[in-house]
Amino acid sequence: MPTINRIRVPAACLAMLLALAGCGESDGGTVTADQGPTATGSSPAGSPDRPAGDAGAQPPVGRTGSPPSPTEPPLIGTPTAPPRHPTELRKSNVLAGRLSRGGSGPCYTLVTDDGREYALHGTDKGTFATGTWVRVTTAPAAAEVDCGPGIPLSILKMSPVG
């Protein structure tokens with residue numbers, strides 16, 4: 001975690017650079033708090049072209065209070081609870097793991113990272129050595145096929161990973 005000094009010094013330099021580079025007009029004038037950019041680029045807030053209280057003079061919706069400090073980093077709160085929904089959506093019919101029984105098929109045994117064992121069946125899916133990491137797109141198993149221990153599934157597609 002960076003120290004406060006490592007954050008404050010670059011932030012202060014950036015604020016100073018922005019103040020020197022972006023706040024002056026091309027003719028050398030300065031921009032004051034009651035002036036702001038307009039559609040024509042020349043009328044200050046409160047002029048006939050831009051009435052005071054215009055939406056451009058107000059903070060954006062949802063922001064209240066003082067503007068953020070150019071020298072202090074914003075504080076990010078700590079989460080109060082875990083996410084309600086998964087942060088990575090996965091297809092339920094796609095598995096990845098290591099083959100504990102390989103070969104040229106049609107039966108394979110796959111073990112996933114969480115230790116689940118799957119008895120996979122698929123003809124003409126390729127030859128895979130035992131220990132190969134694969135990604136498998138599955139379908140429900142055919143009732144007449146038995147490929148041994150594990151959760152029975154049929155292979156739609158199987159490819160090596162890595």
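Hi everyone, let me start with the surface: the protein exposes about 12500 Å² of accessible area, and 59% of that belongs to carbon and sulfur atoms. Those areas come from the Shrake-Rupley method with a 1.4 Å probe, and for residues only the protein chains shown count as cover.

Some ground rules before we go on. This is a predicted model, so local features need pLDDT of at least 70 and side-chain atom pairs count only at pLDDT 80 or more, while totals for chains, interfaces and linings use all residues. Residues are numbered from 1 along each chain as its sequence is written, and side-chain values use heavy atoms, with hydrogens and water left out.

How confident is the predictor? The average pLDDT, which is the predictor's confidence in each residue from 0 to 100, is 76 for the protein, and 67% of the residues score at least 70. Over residues 38-50 the pLDDT stays under 50, and the model has 15 contacts beyond four places in sequence for that stretch. Contact here means heavy atoms within 4.5 Å. Where pLDDT is low, the predicted coordinates should not be read in detail.

Now the fold. There is one helix and there are five strands, and from the N terminus on they run α-β-β-β-β-β. Helices (H or I, at least four residues) and strands (E, at least two) are DSSP runs, numbered from the N terminus.

Which strands pair with which? We call two strands paired if DSSP finds at least two bridges between them. E1 runs antiparallel to E4, with five bridges joining them, and Arg98 stands opposite Trp133 in E4. E1 is also antiparallel to E2, this time through four bridges; there, Gly97 has Thr112 in E2 as its bridge partner. E4 and E5 pair in the antiparallel sense over seven bridges, with Val134 partnered by Pro160 in E5. E3 and E5, on the other hand, run parallel and are joined by four bridges, and His121 has Ser154 in E5 as its bridge partner.

On to the interior. Buried residues (under 20% relative accessible area; exposed is over 50%, partly exposed in between, with a 1.4 Å probe and protein chains only) make up 16% of the 162 residues. The largest one has 12 residues, among them Leu95, Leu110, Leu120, Phe128, Val136 and Ile155. Strands E1 (94-101), E2, E3 (117-121), E4 (133-140) and E5 (151-160) each give two or more residues to this core, and E5 gives the most, with three.

Not counting residues up to four places away in sequence, Leu120 touches Pro106, Cys107, Tyr108, Leu110, Val136, Thr138, Cys147, Leu153 and Ile155. For the protein, among contacts between residues at least 6 apart in sequence, 50% join residues at least 24 apart.

Taking a disulfide as a pair of cysteine sulfur atoms within 2.5 Å, the count comes to one. Cys107 is joined to Cys147, with S to S at 2.0 Å. The torsion about their S-S bond is about -65°, so this disulfide is left-handed. Cys107 sits in strand E2 and Cys147 in the loop between E4 and E5, so the pair ties together parts that are 40 residues apart in sequence. Is Cys147 buried or exposed? Cys147 counts as buried because its relative accessibility is 7%.

Thr109 is also in E2, which covers residues 107-112. Thr109 counts as buried because its relative accessibility is 6%. Beyond four places in sequence, Thr109 touches Arg98, Leu99, Ser100, Arg101, Glu117 and Tyr118.

Most residues other than glycine have a negative phi, and most peptide bonds are trans. The bond from Gly105 to Pro106 is cis, with omega near 5°, and Pro106 lies in the loop between E1 and E2. In that hairpin of E1 and E2, which has five residues between the strands, Gly103 takes a positive phi near 115°. Asp124 is a residue other than glycine with a positive phi, near 55°. You will find Asp124 in the loop between E3 and E4, and it counts as exposed because its relative accessibility is 78%.

Thanks, and over to you for questions!

Notes
Core = buried A, V, L, I, M, F, W, Y, C linked by side-chain atoms within 4.5 Å.
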